[in-house]
Amino acid sequence: MWAFGEGDGATILEQLKVIGASCDWTRTRFTLDPAYSRAVRDVFVTLWEEGLIYRGHRVIHWCPRCLTALSDEEAESKDIDGKLYFIRYHVEGGPKPT
């Protein structure tokens, strides 16, 4: 993460500037800096205790259109009847299919 922050982190900040993000760029910090990581943890604990954040289901869905992962809360699902096929084939050097 440190290598990413030192390398690509600067690129991301430049992209934010180009799209017009209005920030105090002199106060930019990396959340894993020792001076700030404790404050970040404290804020997350406080938000958790106040019920303002929660731990949802694991990210398990892949969206082929967006090319990103989605959590259960973001995925729309519906049950459909279908068939499940198993195909057995011989792999050279591997066990023979039964």
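1. A residue counts as buried under 20% relative accessible area, as exposed over 50%, and as partly exposed in between. Glutamate 14 has a relative accessible area of 44%, and it is therefore partly exposed. The model discussed in this note is predicted.

2. Pairs between aromatic rings, by contrast, number zero in the structure.

3. The salt bridges come to three in total. One of them joins aspartate 24 to arginine 27, whose closest N and O atoms are 3.8 Å apart. Aspartate 24 is partly exposed at 43% relative accessibility, whereas arginine 27, at 61%, counts as exposed.

4. Another salt bridge links arginine 38 with aspartate 42, the closest N and O atoms being 3.3 Å apart. These two residues lie in helix H2, which covers residues 34–49, and are four residues apart, about one turn of the helix. Aspartate 42 has a relative accessible area of 37%, so it is partly exposed.

5. The surface also carries a nonpolar patch, formed by Met1, Trp2, Phe4, Ile12, Leu16, Val18, Ile19 and Leu32, with about 830 Å² of accessible area together. Isoleucine 12 is found in helix H1, which covers residues 2–18. The relative accessible area of isoleucine 12 is 36%, which means that this residue is partly exposed.

Conventions. Residues are numbered from 1 along each chain as its sequence is written. This is a predicted model: local features need pLDDT of at least 70, side-chain atom pairs count only at pLDDT 80 or more; totals for chains, interfaces and linings use all residues. Side-chain values use heavy atoms; hydrogens and water are left out. Patches are made of residues with over 30% relative accessible area and no salt bridge: like charges are joined within 9 Å, nonpolar side chains (Val, Leu, Ile, Met, Phe, Trp, Tyr) within 5 Å. Accessible areas come from the Shrake-Rupley method with a 1.4 Å probe; for residues, only the protein chains shown count as cover. A salt bridge is a side-chain nitrogen of Lys or Arg within 4 Å of a carboxyl oxygen of Asp or Glu. Buried means under 20% relative accessible area, exposed over 50%, partly exposed in between (1.4 Å probe, protein chains only). Rings of Phe, Tyr and Trp (its six-membered ring) pair if their centres lie within 6.5 Å; planes under 30 degrees apart count as stacked, over 60 as edge-to-face and the rest as tilted.
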